[in-house]
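User: Hi! I'm new to this structure, could you walk me through it?
Analyst: Happy to, let's look at it together.

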Amino acid sequence: MGGSLNLNWEIAIASLPTLLSGIKWTILITVVGLFFGFFIGAAMGLARTTKNKLVFGIATVYVETIRGTPILVQALYLYFGVNQVLQQMFALQINSLTAAIIAIAINSGAYISEIVRGAIQSIDKGQVEAGRSLGLSSLKTFYYIVWPQAFKRMIPPLGNQFIISLKDTSLFAVIAVGELLRQGQLVVATTFAAFEIYTFVSLIYLMLTLSISFVLRRIERRLDVS
Amino acid sequence: MIVQVFDLHKKFGHLEVLKGINCQVAEGEVLCVIGPSGSGKSTFLRCLNLLESITSGKVIIDGVDLTDPKTDINKVRRQVGMVFQQFNLFPHMTVLRNITLAPMTELKLSKEEATEKALRLLSKVGLRDKADVYPHTLSGGQMQRVAIARALAMNPKVMLFDEPTSALDPELVGEVLTVMKELAQEGMTMIVVTHEMGFAREVADRVIFMDGGVIVEENTPAEIFSNPKHERTRSFLSKIL
Ligand SMILES: Nc1ncnc2c1ncn2[C@@H]1O[C@H](COP(=O)(O)OP(=O)(O)O)[C@@H](O)[C@H]1O
Ligand SMILES: [Mg+2]
């Protein structure tokens with residue numbers, strides 16, 4: 001039999017402000033990273049629908065490389081690996097926050113490109129033919145007809161990617177970005193209240209992801225109406 | 001002759017689907033194209049607005065050679081309306097927007113002009129009250145009539161119809177054929193791929209029977225239906241009539 005249970009929730013509650021200060025970095029990295037990730041993803045996703053072999057090839061190498069390696073390795077590679085090269089060649093460094101944002105952008109970009117490609121390719125060919133037969137150029141057909149329909153189909157998987165990327169930011173604790181998990185680890189290191197603190201950390205992540213799911217469902221419902 | 005087709009060949013890879021089509025359509029004429037499935041009717045139609053590239057031969061629409069690389073394809077397409085079997089309305093746009101889109105972006109009509117024109121066309125196809133709804137709320141017959149109005153909004157010189165009633169429930173076929181008949185009576189040049197032999201008999205000036213990528217027989221509807229010259233035409237008609 002073990003000893004008596006001795007949990008100290010007061011310490012955990014006292015550490016809440018510290019944890020909450022981590023949230024803003026978590027959100028900042030997620031939102032800014034995904035913002036750029038969306039543009040990377042849209043460009044790469046489009047590239048994956050073209051017949052141009054070179055453009056298609058470049059995008060495919062990017063997508064397969066990023067999806068085929070762990071995001072933790074990507075973050076370490078950027079922050080320690082790339083930084084080492086930058087240091088030696090140009091005597092400059094990316095800070096950990098920037099590295100984290102770039103890692104999310106590049107990583108989510110690869111997944112988003114597949115979301116974009118899938119959504120575009122799911123639009124019926126007849127839509128393009130109808131647009132072209134009316135005399136619209138392929139660009140205008142894409143802009144007025146394909147993209148709006150494809151974008152609507154991207155929203156649920158993009159929301160899902162939002163949740164995944166938000167959770168992925170916890171990995172950046174290893175490169176000492178002061179995001180939520182890192183703050184938790186620091187508090188645990190001084191208080192030893194691992195169970196209490198990690199319970200709180202988990203609950204905060206859960207709160208964040210549930211909020212995203214909630215907002216997402218409302219958006220989807222509204223889109224269904226029109 | 002508003003449509004002239006000379007020795008049109010179309011290959012998909014090694015598969016030759018059109019094997020030398022020659023065909024002329026005069027202004028105001030209604031040409032019906034009949035033939036078994038897979039005979040190349042859709043491909044033929046789609047070559048007339050370059051939805052399919054032309055492998056060899058010539059297609060001239062209103063004096064413009066489609067195979068000339070200098071030809072502005074988008075401009076040609078504006079003058080050739082197309083109505084598809086599956087309607088292909090834009091589901092994210094209202095009926096009105098479906099019709100005003102291309103006139104606004106391509107013909108540079110103002111929103112007011114395009115709207116006025118669209119409403120006029122909707123009245124013509126009997127759907128004036130559906131302007132503000134989305135396509136998914138319409139029946140198939142209504143969708144196809146909107147699709148016809150959408151094509152007409154570009155003031156096409158020729159209208160192509162690819163089995164416009166084949167995807168419709170039988171009770172909805174009539175309303176679409178009625179609209180097409182009116183269009184024919186107003187003098188629209190039309191090329192219609194159809195299995196509606198009644199329509200062909202009544203409305204067509206000429207019928208061509210296609211099989212295996214060639215035009216097997218071409219004649220007035222009265223002749224081709226009552227007195228088919230070729231064995232293949234006879235056996236096709238006996239199956240379908
Ligand atoms: N994009 C394509 N690629 C390859 N083969 C095609 C394509 N489109 C049509 N075909 C083939 O061409 C032939 C004629 O097709 P189609 O013109 O659709 O005939 P129809 O409209 O008379 O039924 C068919 O054998 C069909 O399989
Ligand atoms: Mg067909």
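**Ligand and interface**

User: Which residues surround ligand 1?
Analyst: The residues around ligand 1 are Phe12(B), Val17(B), Pro36(B), Ser37(B), Gly38(B), Ser39(B), Gly40(B), Lys41(B), Ser42(B) and Thr43(B), each with a heavy atom within 4 Å of the ligand.

User: Good to know. What should I keep in mind about the model and its numbering?
Analyst: This is a predicted model: local features need pLDDT of at least 70 and side-chain atom pairs count only at pLDDT 80 or more, while totals for chains, interfaces and linings use all residues. Residues are numbered from 1 along each chain as its sequence is written, chains are lettered from A and ligands numbered from 1 in the order in which they are written, and side-chain values use heavy atoms, with hydrogens and water left out.

User: Back to the shell, how do the residues around ligand 1 divide by class?
Analyst: Three are nonpolar, six polar and one charged. Here Ala, Val, Leu, Ile, Met, Phe, Trp, Tyr, Cys and Pro count as nonpolar, Asp, Glu, Lys and Arg as charged, and the others, Gly among them, as polar.

User: And which helix gives the largest share of that shell?
Analyst: That is helix H1 (residues 41–47) of chain B, with three residues. Helices are DSSP runs (H or I, at least four residues), numbered from the N terminus.

User: How far is Thr43(B) from an oxygen atom of ligand 1?
Analyst: A polar side-chain atom of Thr43(B) lies 2.5 Å from a ligand oxygen. For Lys41(B), a side-chain N or O atom is 2.9 Å from an oxygen of ligand 1.

User: How much of ligand 1 does the protein bury?
Analyst: Taken alone, ligand 1 exposes 560 Å², and the protein buries 58% of that; these areas come from the Shrake-Rupley method with a 1.4 Å probe.

User: Switching topic: how many residues of chain A are in contact with chain B?
Analyst: 17 residues of chain A are in contact (heavy atoms within 4.5 Å) with 24 residues of chain B.

User: What area is buried there?
Analyst: About 1,700 Å² is buried between chain A and chain B, and carbon and sulfur atoms give 59% of it. Buried area is the accessible area (1.4 Å probe) that two parts lose on being put together, summed over both. In chain A, Glu129(A), Ser133(A) and Leu134(A) lose the most area to chain B, together 33% of what that side buries.

User: How many salt bridges are there between the chains?
Analyst: Two between chain A and chain B, counting a side-chain nitrogen of Lys or Arg within 4 Å of a carboxyl oxygen of Asp or Glu. One of the salt bridges joins the side chains of Glu129(A) and Arg46(B) at 2.8 Å, N to O.

Terms used: Polar contact = N/O pair within 3.5 Å; in protein donor to acceptor, adjacent residues only side chain to side chain. Helix = DSSP H or I, 4+ residues; strand = E, 2+ residues; numbered from the N terminus.
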